[in-house]
Amino acid sequence: MSTAPETETKPAPWYAAFPEPQSDLMNISRAEVLEMLKGSTGEVVGKDFVLVDLRRNDFEGGTIRGSINLPAQSLYPTLPTVYAMFKAAGLKKVIFYCGSSTGRGSRGARWLSDYLLKVGDESIQSLALFEGIKGWANAGPEYVEWMEGYDASVWERLKSQ
């Protein structure tokens, strides 16, 4: 009988089941995305670019108008299909984000960049929204007005955490 204390092992993070992305991260600022959404750049959401919200359990407080929700945990295994849809739609930019875009958002952008390199496609840019949805929601009314389902109480609660 052993008297050694039992050690709890933490489960591996969800992304450990997938390869570590190799591509460098390319960020895009919220100011650039806002100008794109306003049509100032001549680009149209859903036609020229798409925003991909990678949140799952923390999908609350609203999302940026025109975004699709694709939880990060399902992204890597579905990359060939996701890529085929983005390619068929003629998209030039795919902009990923999560809460802060330092975990899921950056990982998703880099995974798509890796896939684009693998298939030799230079026509699509894969980007991460700098500071994610938290940065967007806290950047002021000009940004908040471009959110669907905005709930100020969620962002106030998150500020205090």
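This is a predicted model: local features need pLDDT of at least 70, side-chain atom pairs count only at pLDDT 80 or more; totals for chains, interfaces and linings use all residues.
H3 supplies the largest share, namely four residues. By residue class, the lining of the second largest pocket consists of six nonpolar residues, one polar residue and three charged residues. The space in this pocket amounts to about 170 Å³.

The largest pocket may be considered next. Its volume is about 230 Å³. Ser 23, Asp 24, Met 26, Ser 113, Leu 116, Leu 117, Gly 120, Asp 121, Glu 122, Ile 124, Gln 125 and Ser 126 form the lining of the largest pocket. Here the elements that contribute two or more residues are helix H3 (104-119) and strand E6 (125-129). H3 gives the most to this lining, with three residues. The lining of the largest pocket divides into four nonpolar, five polar and three charged residues. Ser 23 is found in the segment before strand E1. Is Ser 23 buried or exposed? With a relative accessible area of 9%, Ser 23 lies under the 20% limit, so this residue is buried. Leaving aside residues up to four places away in sequence, Ser 23 touches Arg 110, Ser 113, Asp 114 and Leu 117. With Asp 114 there is also a polar contact, which joins the two side chains at 2.4 Å.

Five strands form an open sheet in the order E1-E6-E5-E2-E4, and their pairing is parallel. Strand E1 (27-28) and strand E4 (67-69) stand at the edges with a single partner strand each, so one side of each has no neighbour in the sheet. Strand E6, which gives two or more residues to the lining of the largest pocket, stands between E1 and E5 in the order of the sheet. At the other end of that order, strand E2 (residues 49-53) runs parallel to E4 and is joined to E4 by three bridges. Within this pair, Leu 51 has Ser 67 of E4 as its bridge partner.

Notes. Residues are numbered from 1 along each chain as its sequence is written. Side-chain values use heavy atoms; hydrogens and water are left out. On a 1 Å grid over the protein atoms alone, a cavity is a set of points where a 1.4 Å probe fits but cannot get out, and a pocket is an open set with protein on both sides within 12 Å along at least five of seven lines; lining residues have an atom within 4 Å of a point. Grid points are joined across faces, edges and corners, and a volume is the space filled by probe spheres set on the points. Ala, Val, Leu, Ile, Met, Phe, Trp, Tyr, Cys and Pro count as nonpolar, Asp, Glu, Lys and Arg as charged, and the others, Gly among them, as polar. Two strands pair if DSSP finds at least two bridges between them. Buried means under 20% relative accessible area, exposed over 50%, partly exposed in between (1.4 Å probe, protein chains only). A polar contact is a pair of N or O atoms within 3.5 Å; within protein, one must be able to donate a hydrogen and the other to accept it, and residues adjacent in sequence count only if both atoms are side-chain atoms. Contact means heavy atoms within 4.5 Å.
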